[in-house]
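Subject: Structure handover

Hello,

Here is the structure I promised to pass on. Please open it alongside this message.

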Amino acid sequence: MLDRDIVQRTNESLEDAHRRDLDMLAEQLRRRGVEVDPVLARLALFQVAIPSWALGTGGTRFGRFPGDGEPRDIYEKMDDIAVIHGLTRASPRVSLHIPWDEPDDPGRLRDHATELGLGFDAVNSNTFQDQAAQPLSYKFGSLCHTDPAVREQAIAHNLHVMEVGRELGSRSISIWLADGSSFPGQMHLRRGFERTLASLEQVYARLPEGWRLFTEHKPYEPAFYATVVQDWGSSLLLAQALGERASCLVDLGHHLPNTNVELVVARLITAGKLGGFHFNDAKYGDDDLTAGSIKPYQLFLVMNELVDAVRDAGDAFDPAYMIDQSHNLKDPMEALLQTVDNLQRAYAKALLVDREALDHHQENNDVLMAEETLRTAFETDVRPLVAELRRRGGGALDPVATFRASGYRAEVAGARRRGDYVPPQSL
Ligand SMILES: [Mn+2]
């Protein structure tokens, strides 16, 4: 099992090279008037939640190729997340999906999480699939359905998810509005949206004290003609109509090709309605690839808007940062270690943007220097900064290398197959 000794031994073997890399970077940053420690202090505030559905191998419409040692239930998933957090020190919360990871006893799961040093971020409802014991079908929609009984069922499900979340200590619910139509004429475009809003009002009215509700938009899929909450504009209409505690969730993959996602983020910040993120990356559609793997510059530009918003609003700006990925080829735990690292790198680069210089160049319409100010930050190799933050927090200088050295996957593969699995110690 993964223990502190392996982290320490691996760190020791990497320490010398790390020191030299960090010193070189610190010297470079000093020339720009930037000190390492304040950057690390701000980088430490960036934490991201691990989704409960990302610990097992995902699949495509065509097939699934499961790996050895996948977690068999939510408890084993929590154990894997504890290992990920132990290595990254930046992912202490879990975003739970219901019913996929519905706990039999929320109190017991909460205790298990606490023992592992974990907590819960937004809970996710699901009205885009029919479940075994469910009386009415979502084939033609859920919260938007023409039949009030189906809408009632979907509302009741969301209320149930909030109740489970409340017992777990969660403080928000993400609702992906997957309803839509695949053919012109299938659904009355305005009425479908109005019914969705009316249903969400019922959910919002029962939002527990101190909770937030996130609406998640998507342009197409599973519906191919008109998604009810197709874009950030529709999501914003819902959040504004619902009230102060409703806001929009931006899934990076839920935009049509070439959409300027950082601009969407900026607009939602202006409206005071940026609730949270689902980080991932995409080449063609909702590909759910590793965040930063396809469009690292876009990820940096999104982070740049977030860091800029913190500058203006301080602690009042507090979106929920979550990952939403499907790991079909990579070991899911390794992919998540890589993702957290990628996100921290992008955020660290955004922290290095010389904002005074950028303001100056923007005010003076110096296009080239404004762009170069961003590029200077983006092209800085911040890997030693992120590694140093992990090291200081007791994590791994190189999380994937440490994970591989630990033999964790092989060990749980044996135990989980044999059925005598003993949860690992928290890092
Ligand atoms: Mn999502």
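This is a predicted model: local features need pLDDT of at least 70, side-chain atom pairs count only at pLDDT 80 or more; totals for chains, interfaces and linings use all residues.

Six strands form an open sheet with parallel pairing. Their order is β4-β5-β7-β9-β10-β11. The edges belong to β4 (123–124) and β11 (320–323). Each has a single partner strand, so one side of each is left without a neighbour in the sheet. Further in, β7 (residues 212–216) pairs with β9 (residues 246–251) in the parallel sense, over 4 bridges. There, L213 stands opposite A246 of β9. Helix α8 (residues 261–270) lies across β9 and β10 (274–279). The angle between α8 and β9 is about 170°.

Cis peptide bonds. One runs from I98 to P99, with omega near 20°. P99 is in the loop between β2 (93–95) and α4 (106–115). Another joins E221 and P222, with omega about 10°. P222 lies in the loop between β7 and β8 (226–227).

Positive phi. E221 comes up again here: its phi is about 75°, though E221 is not a glycine. E221 is also placed in the β7–β8 loop. R89 is another non-glycine residue with positive phi, near 55°. R89 is in the loop between α3 (74–88) and β2.

Are these two residues buried or exposed? R89 has 21 C-beta neighbours inside 10 Å, so R89 counts as buried. The cut-off for buried is 20 or more. E221 has 13 such neighbours, so E221 counts as partly exposed.

Over to you.

Best wishes

Technical notes: Residues are numbered from 1 along each chain as its sequence is written. Two strands pair if DSSP finds at least two bridges between them. Helices (H or I, at least four residues) and strands (E, at least two) are DSSP runs, numbered from the N terminus. Two residues are in contact if their C-beta atoms, placed from the backbone, lie within 7 Å. Axes are lines fitted to C-alpha atoms, for helices over the stretch in contact, and angles run from 0 to 180 degrees between N-to-C directions. A residue is buried if 20 or more other C-beta atoms lie within 10 Å of its own, exposed if 12 or fewer, and partly exposed in between; C-beta atoms are placed from the backbone.
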